[in-house]
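Dear colleague,

I am handing over the structure we spoke about, and below it you will find my notes on what turned up in it. Please read them with the model open beside you.

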Amino acid sequence: PRIGFSYRIINNLVWRASVSKGYSPPSLAELRPSDNILYSGLQPEYGWNYETGLRFRSSDQRCEADIVVFKFDLKNAIVRKTNDTGTEYFINAGGTNQLGLEFQIFRELVKYRFQGLIRGLEFRNSFTYYDFTFTNYSNDLISFSGNKLTGVPAFVNVSSLKLFFPKRFDLFLTCNYTDK
């Protein structure tokens with residue numbers, strides 16, 4: 001289920017929020033991994049997601065900005081393990097607490113026109129901050145609760161510039177930075 005709403009604060013600014021619950025059942029490869037044993041007790045991962053944000057659009061449609069904060073609490077995380085022979089299997093082991101912020105901006109720097117060498121110029125940027133941690137997660141008597149979630153960068157920034165030229169020729173430049 002998901003419930004969401006939005007409220008127009010002023011003509012060009014909207015506040016929105018939503019709450020949703022979802023789940024992800026184990027895959028066939030997780031239920032019957034390489035050891036060929038059926039793990040029928042493996043439960044679906046599930047969680048609640050909360051988010052709220054603001055969206056702005058200028059009257060002339062040449063500028064848009066969007067900012068969202070979110071919190072996702074995952075329970076019953078499906079985790080890969082290996083036994084003494086190196087054979088993999090999967091278990092439900094704790095969960096994650098996923099806090100984050102997403103920000104996007106679009107700006108038309110040169111309004112599209114039908115004359116000249118540069119017919120238009122657009123700038124876009126998106127920035128995402130992640131603060132994802134393990135909750136109630138332990139592995140072989142070692143607790144990882146509170147540790148950063150592995151494989152998730154602290155932030156990602158993607159910037160792009162698009163130039164429009166005659167005869168429908170475009171040049172698109174992008175720069176992607178992903179934190180370690």
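**Salt bridges and their surroundings**

Glu122 and Arg124 form a salt bridge in which the closest N and O atoms are 4.0 Å apart. Please keep in mind throughout that this is a predicted model. Of this pair, Glu122 counts as buried at 17% relative accessibility, whereas Arg124 is partly exposed, with a relative accessible area of 43%.

A search of the whole structure finds 9 salt bridges, and among them is one between the side chains of Arg55 and Asp66, with a distance of 3.1 Å from N to O. Because Arg55 lies in strand β3 and Asp66 in strand β4, this pair ties together parts that are 11 residues apart in sequence. Asp66 is buried, at a relative accessible area of 14%, while Arg55 counts as partly exposed at 40%.

Another salt bridge joins Asp131 to Lys148, the closest N and O atoms being 2.8 Å apart. This pair links distant parts of the chain, since Asp131 belongs to strand β8 and Lys148 to the loop between β10 (142–143) and β11, 17 residues apart. Asp131 counts as partly exposed at 23% relative accessibility, and Lys148 is exposed at 52%. Salt bridges that share partners also join Arg16, Arg55 and Asp66 into one network.

**Core and hairpin**

The largest nonpolar core has 9 residues, including Phe70, Leu74, Phe132, Phe134 and Tyr137; the elements that give two or more residues to this core are β4 (63–75) and β8 (120–135). Leaving aside neighbours within four places in sequence, Tyr137 is in contact with residues that include Val79, Ala93, Ile142 and Phe144.

Strands β11 (residues 155–165) and β12 (residues 169–178) pair in the antiparallel sense over 10 bridges, and Phe165 has Phe169 in β12 as its bridge partner. The two strands form a hairpin with 3 residues between them, and Lys167 in the turn has a positive phi of about 60°.

**Cysteines**

A search of the whole structure finds 0 disulfides. Cys63 is buried at 16% relative accessible area, whereas Cys175 is partly exposed at 48%.

With best wishes

Technical notes. Residues are numbered from 1 along each chain as its sequence is written. This is a predicted model: local features need pLDDT of at least 70, side-chain atom pairs count only at pLDDT 80 or more; totals for chains, interfaces and linings use all residues. Side-chain values use heavy atoms; hydrogens and water are left out. Two strands pair if DSSP finds at least two bridges between them. Helices (H or I, at least four residues) and strands (E, at least two) are DSSP runs, numbered from the N terminus. A nonpolar core is a set of buried Ala, Val, Leu, Ile, Met, Phe, Trp, Tyr and Cys residues joined through side-chain atoms within 4.5 Å. Buried means under 20% relative accessible area, exposed over 50%, partly exposed in between (1.4 Å probe, protein chains only). Contact means heavy atoms within 4.5 Å. A disulfide is a pair of cysteine sulfur atoms within 2.5 Å.
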